[in-house]
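Hello,

Have a look at it before you read on.

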Amino acid sequence: MIQREENGSQEKEKTRREIVLDKDGNQLGEVVYDLGNGEIIEIQTRPYENKSAEAEHYNEIVCATDDNGEITPERLTRKEVREQGKRYLIVTSIILHDGELAFFQHRSEQKEIDPGGLSASAHGVAKEIYQAGQRMQKTKDVVAINMALEINEELRHGAGAKQFCVKFWRGSKRELSEFARKESIDDPDTIYLLPTVFLKSDGYPLGDKNNKRTRALFTGYIFSKKPPMVVFDCGESSKVELLDSAEVIKDPKVIDDLKSIMINYY
């Protein structure tokens, strides 16, 4: 717990910080929790580099879920969970700069699903996370951590890349906009992330019931005068652009999943 001195009196800032690890004990980042309600309020990830330049990480241990969206104890690779037709967890975000243009990525031609398509800002299969020597099973927290990891892996990729600080906003979009205006926020390195929807029993693309998925969708906001720096993973994407969402949906390369997300939630 952090102590701070304010106006001559001692006040306890009710947060705790925890390190999160991968299955091999490598640090993935630091998570800040609100001690009052147990919610994650901020995540700072460690830089990641796709050294093998793989488009698909078939041997990653991912998070299988039941039909209620709860993570099961099963330890299956991405390849195994697909071959066995198990439901598994994926995270997706649309990141906007100053509420106008959004980031969209052109998927690698080597991708198994939707090769070469125009896709969301950040999207990925949720990987298992460890904390204090235990595999995390709380779906809500695993989702949040994986979303922060995917954002930085895909938009601030590489060993030397400055990572986005991901802050979770629990209020409305309107309240966030008012807060940003009042505080005159000009920070290209911070993303304010809002949960959009959690779909316990869905599929890929959105609405498809054959390719079973548990899906978490987020919207992120960056408030800065200049567009933020993006360093994308050349193994997974060929390009990342800031584009008008209304125009993107008309693009023939837009994947069915993104089109459905934009129609239903944006």
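In what follows, Ala, Val, Leu, Ile, Met, Phe, Trp, Tyr, Cys and Pro count as nonpolar, Asp, Glu, Lys and Arg as charged, and the others, Gly among them, as polar. This is a predicted model, with local features needing pLDDT of at least 70, side-chain atom pairs counting only at pLDDT 80 or more, and totals for chains, interfaces and linings using all residues. Residues are numbered from 1 along each chain as its sequence is written, and side-chain values use heavy atoms, with hydrogens and water left out.

Pockets first (on a 1 Å grid over the protein atoms alone, open sets of points where a 1.4 Å probe fits, with protein on both sides within 12 Å along at least five of seven lines; lining residues have an atom within 4 Å of a point). The second largest pocket is lined by 20 residues, with K140, V143, P195, F198 and F218 nearest its centre. Its lining has 10 nonpolar, 4 polar and 6 charged residues. The lining of the largest pocket instead divides into 5 nonpolar, 9 polar and 11 charged residues. Among its 25 lining residues, D22, L28, Y48, E60 and K127 are the closest to the centre.

Best wishes
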